[in-house]
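Morning, everyone. I have one structure to show today. Please take a look at it before I go on.

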Amino acid sequence: MKKIAIAFILIFAFGCKKNARSSDTSSDNPGLKIGITRNLNGEWFPKNIKDSLETALQHRLEFVYFDGIGNLLENEDSLDLAIGIDKSFLRQAIVSKKFSKYKSNALNKIKENINFNKSCYFTPIFYDFVCILADTIQIKAIPLTLGKFQEDFYNDQLVFTNPKVFAYSRMFYVKTLARFTQNGHRQFWGSIKNKVRAIVSNPAYGLRMIKAQEAAFWIGGVSYCVHYPRLQPILLADLSIRDVFGVGIYKNSGKIEVAKKFIDLLLSDQIQEIFTNQLAVYPVIKDVASNPKLPAENFVDESKDAIKSGYIDWRSKLYLDKHHDLFENL
């Protein structure tokens, strides 16, 4: 019933008839092509709302998944929209000058603390935090600060995805620079040497270790990939990184007006509710309540995070190359 109600609302909003579909939805029409990067679970866009969106737009939606940002940006001639996951994608996309400006009327409903691309080349659709995944079966004492990990209680309990190959893990590492200063972060990583069970090559391997109960914590995880009741996403009070997901319209798109309607739909209360409840991400619309299973955002010092965000984005590779020995010696 809920799916039917959502579809009806979307259809009504755009003056579509429920039983009528335009020629744009036929099999010989490519419809609206949306480039998107994969996450840990692969093709993450909620499939159960795809039909409702297609009915409202009277266009088929074709999601084209890419493993990297560069490949997505290189394919603008064959795409109508792009959905990006992090600030580095946003920066590269805007610098590429391949996107059109669009200021949705729904932007006046965006939360005040979402300071995201005011030039309107990209529109925020939801956000997430880099966090710790904790196995509540193995560990009952969940740390709420980074310093807690230094305690002997957590020896041999941490899995850390190599920051050379995983962006979220890289952000977590570089954020310790901002947290402990350039000299202090070496002391921190040295202090948790006995806590790290493994530095794994990819996030999927790290998650497998946690599910197999080979360790209790995975550093560098993200909350939207949590689908297991015993795994709890932890936002540390002294270390937070927020990522806003945004959607932009390619200048070369032949369906710019349809693409604008698609963005408006993504900012509707109904779709925002589905995002937070099914993907376990935070809605950008102020009147939509977050999934109650998500960590409370009051742990996050937004002012500190905003001040350091540019530092993290621009300096991460430089400092990772300089201090990579920290991980080789763990």
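First, a term: contact here means heavy atoms within 4.5 Å. With that in hand, take the contacts in the protein chain with a separation of 6 or more: 77% of them are made by residues 24 or more positions apart. Keep in mind that this is a predicted model.

Now the overall picture. The protein chain has ten helices and eleven strands. It runs to 330 residues, and 53% of them count as buried. The exposed surface comes to about 15,200 Å², with carbon and sulfur atoms supplying 50% of it.

Next, a helix pair. Two packed helices are described by the angle between their axes and the distance between the axes. Look at H2, residues 50-57, and H7, residues 256-266. Their axes come within 10 Å and cross at roughly 135 degrees. That angle makes H2 oblique to H7. The crossing is right-handed.

Which residues of H2 and H7 meet? On the H2 side, Leu53, Ala56 and Leu57. On the H7 side, Val258, Lys261, Phe262 and Leu265. Sort the residues of this contact by type, and you get six nonpolar, no polar and one charged.

Last stop, helix H8, residues 269-279. Which residues of H8 are buried? They are Ile271, Gln272, Ile274, Phe275, Thr276 and Leu279. Here is a rule for reading such a list. An α-helix has 3.6 residues a turn, so residues three or four places apart point the same way. Then look just past the end of H8: alanine 280 takes a positive phi of about 55 degrees.

That's my tour. Over to you.

Definitions and conventions. Residues numbered from 1 in each chain as written. Predicted model: local features only at pLDDT ≥ 70, side-chain atom pairs only at ≥ 80, totals over all residues. Heavy atoms only, no water. Buried < 20%, exposed > 50% of the residue type's maximum accessible area, 1.4 Å probe, protein only. Helix = DSSP H or I, 4+ residues; strand = E, 2+ residues; numbered from the N terminus. Axes fitted to C-alpha atoms, helices over the stretch in contact; angles between N-to-C directions. Parallel < 35°, antiparallel > 145°, perpendicular 65-115°, else oblique. Left-handed = near helix turned anticlockwise from the far one by under 90°. Nonpolar A, V, L, I, M, F, W, Y, C, P; charged D, E, K, R; others polar. Areas by Shrake-Rupley, 256 points an atom, 1.4 Å probe, with all protein chains shown as cover.
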